[in-house]
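Subject: Structure handover

Hello,

I am passing a structure on to you. Please open it first, then read my notes beside it.

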Amino acid sequence: QGHLVESGGGLVQAGGSLRLSCTASGSIVSGNAIAWYRQLPGKQREFVARISRDGSANYADSVIDRFTISRNNAEKVVFLQMNSLKPEDTAVYFCNVPSPQNWGRPLAPWGQGTQVTVSS
């Protein structure tokens, strides 16, 4: 199936934007719904957004109207466009295959994640 690989994180000022990418070899990305999660410092990993195989999207309340999840199945990549970033968005961001019954429960091994740091 391949390992999930997240990229695109970095340091940005509050109000700025970043675009994260989630890729993997094989069909794990193109063949499944994919979700983004994040782990804030000292806290448990939390659900951020999910996109179905046909492109339907769902978001955590904290990121609605600021983040957009999208996918390109041909390129085997899922994106997370993050706009109007806030310091409280600072976290390590991960992608994974969400359980259909519980989007907070991932089905694949975790990747290394990508660090997003938002300065005030």
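Below is what was found, from the overall fold down to single residues.

Ground rules

This is a predicted model: local features need pLDDT of at least 70, side-chain atom pairs count only at pLDDT 80 or more, and totals for chains, interfaces and linings use all residues. Residues are numbered from 1 along each chain as its sequence is written, and side-chain values use heavy atoms, with hydrogens and water left out.

Overall fold

The protein chain has zero helices and 10 strands. Helices (H or I, at least four residues) and strands (E, at least two) are DSSP runs, numbered from the N terminus. The C-alpha trace spans about 40 × 25 × 25 Å along its principal axes. The radius of gyration of the protein chain is 13 Å, close to the 14 Å that the globule rule gives for 120 residues, so the chain is as compact as a globular protein of that length. That radius is taken over C-alpha atoms, and the rule is 2.2 Å times the number of residues to the power 0.38.

Of the 120 residues, 43% are buried. Buried means under 20% relative accessible area, exposed over 50%, and partly exposed in between (1.4 Å probe, protein chains only). Now take the contacts with a separation of 6 or more: residues 24 or more positions apart account for 55% of them. A contact means heavy atoms within 4.5 Å.

Six strands form an open sheet in the order 2-10-9-4-5-6, with mixed pairing. Two strands pair if DSSP finds at least two bridges between them. Strand 2 (10–13) and strand 6 (57–59) are at the edges with a single partner strand each, so one side of each has no neighbour in the sheet. Neighbouring strands here are turned by 25° against each other on average, direction ignored. The axes behind that angle are lines fitted to C-alpha atoms, for helices over the stretch in contact, and angles run from 0 to 180 degrees between N-to-C directions.

Look at strand 9. Five of its six residues are buried, so strand 9 is largely enclosed by the rest of the structure. Five bridges join strand 9 to strand 4, and the two run antiparallel. R38 has Y93 as its bridge partner, and Q39 has V92. Strand 9 also pairs with strand 10, antiparallel, over three bridges. There V92 is partnered by Q115.

An open sheet of four strands has the order 1-3-8-7, with antiparallel pairing. Strand 1 (5–7) and strand 7 are at the edges, each with a single partner strand, so one side of each is left without a neighbour in the sheet. Neighbouring strands of this sheet are turned by 15° against each other on average, direction ignored.

Strand 1 meets strand 3 over three bridges, with E6 partnered by C22. Six bridges join strand 3 to strand 8, and T23 stands opposite V77. Strand 8 is mostly covered, with five of its six residues buried. Strand 7 and strand 8 pair over six bridges; F67 and M82 are bridge partners. In their hairpin, four residues lie between the strands, and K76 takes a positive phi near 55°.

The disulfide

How many disulfides does a search of the whole structure find? One. A disulfide is a pair of cysteine sulfur atoms within 2.5 Å. The pair is C22 and C95, with sulfur atoms 2.1 Å apart. C22 is in strand 3 and C95 in strand 9, so to speak distant parts of the chain, 73 residues apart. The link is right-handed, with 80° about the S-S bond. Both C22 and C95 are buried.

The core

In soluble globular proteins, nonpolar side chains tend to be buried together. Here the largest nonpolar core has 29 residues, and W36, L80, M82 and Y93 have the most contacts inside it. Such a core is a set of buried Ala, Val, Leu, Ile, Met, Phe, Trp, Tyr and Cys residues joined through side-chain atoms within 4.5 Å. Among the strands that each supply at least two core residues are strand 4 (34–39), strand 8 (77–82) and strand 9 (91–96). Y93 is worth a look: leaving out residues up to four places away in sequence, Y93 touches residues including W36, F67, L80, M82 and V116.

Best wishes
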